[in-house]
Amino acid sequence: MESQELRRAGLKVTHPRIRILELLEQKSTQHHMSAEDIYRHLLDNGDEIGLATVYRVLTQFEAAGLVLKHNFEGGTAVYEIDRGGHHDHMVDVDSGKIIEFESPEIEKLQHEIAEKYGYHLEEHSLVLYVRKKR
């Protein structure tokens, strides 16, 4: 499956690209991954793929529309597979955990606000910075 996705995106099928895409597909359902996270997982699994290669491949994947890159405040960039659907994020400010969520009510309200000011909403990114209740 990964090699077909790479070809469709116009990318040559290489071992580093296949391994990084496989890893993102396996792990991104659990959490978003930084380039360093990906690099560590590759090393732990015996893949000799350098950190510079990981960064280069992620940049290529982002340009090809295979992954989304997020730069949340106070943290490093993280990546997730672009599955096509829209969702927003919450970031736990204590643990750094990233929680994905969807809210039709919030989506509707954002469109209404843009309309109120005479605009059409093209795209948006919503990040809530949260802390667990004690």
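Which residues in the largest nonpolar core touch the most other members?

**Entry 1: ground rules.** I'm working with a predicted model, where local features need pLDDT of at least 70, side-chain atom pairs count only at pLDDT 80 or more, and totals for chains, interfaces and linings use all residues. Residues are numbered from 1 along each chain as its sequence is written, and side-chain values use heavy atoms, with hydrogens and water left out.

**Entry 2: the core.** Back to my opening question: Ile 20, Leu 24, Ile 38, Val 54, Leu 58 and Phe 61 touch the most other members, out of 21 residues in the largest nonpolar core. By nonpolar core I mean a set of buried Ala, Val, Leu, Ile, Met, Phe, Trp, Tyr and Cys residues joined through side-chain atoms within 4.5 Å. Buried is under 20% relative accessible area, exposed is over 50%, and partly exposed sits in between (1.4 Å probe, protein chains only). I then looked up which elements give two or more residues to this core, and got helix 2 (15-27), helix 3 (35-44), helix 4 (51-64) and strand 2 (78-81). Helix 2 gives the most, with 5 residues. My helices (H or I, at least four residues) and strands (E, at least two) are DSSP runs, numbered from the N terminus.

Leaving out residues up to four places away in sequence, Val 54 touches Ile 20, Ala 35, Ile 38, Tyr 39, Leu 42 and Ile 49. Contact here means heavy atoms within 4.5 Å.

**Entry 3: helix 3.** Which residues of helix 3 are buried? I found Ala 35, Ile 38 and Leu 42. Seen down the axis of helix 3, these buried residues fall within an arc of 65°, so they line one face of the helix. The arc is taken from the directions from the helix axis to the C-beta atoms. A reminder to myself: an α-helix has 3.6 residues a turn, so residues three or four places apart point the same way. Just after helix 3, I noted that Gly 46 takes a positive phi of about 80°.

Entry 4: I traced an open sheet of 3 strands, in the order 4-3-5, with mixed pairing. Its edge strands are strand 4 (98-101) and strand 5 (127-130), each pairing on one side only. Two strands pair if DSSP finds at least two bridges between them. Strand 3 (residues 88-92) and strand 4 pair in the antiparallel sense over 4 bridges. Met 90 has Ile 99 in strand 4 as its bridge partner.

**Entry 5: salt bridges.** How many salt bridges does a search of the whole structure find? It finds 6, counting a side-chain nitrogen of Lys or Arg within 4 Å of a carboxyl oxygen of Asp or Glu.

I looked up Asp 47 with Arg 19, where the closest N and O atoms are 2.8 Å apart. Asp 47 is in the loop between helix 3 and helix 4, and Arg 19 is in helix 2, 28 residues apart. Asp 47 counts as buried at 9% relative accessibility, and Arg 19 is buried too, at 16%. Arg 19, Glu 22 and Asp 47 are linked in a network of salt bridges.

Next I checked Asp 94, which is partly exposed at 45%. Asp 94 forms a salt bridge with Arg 131 (closest N and O atoms 3.0 Å apart), and another with Arg 134 (3.3 Å). Arg 131 is exposed at 53%, and Arg 134 is exposed at 83%.
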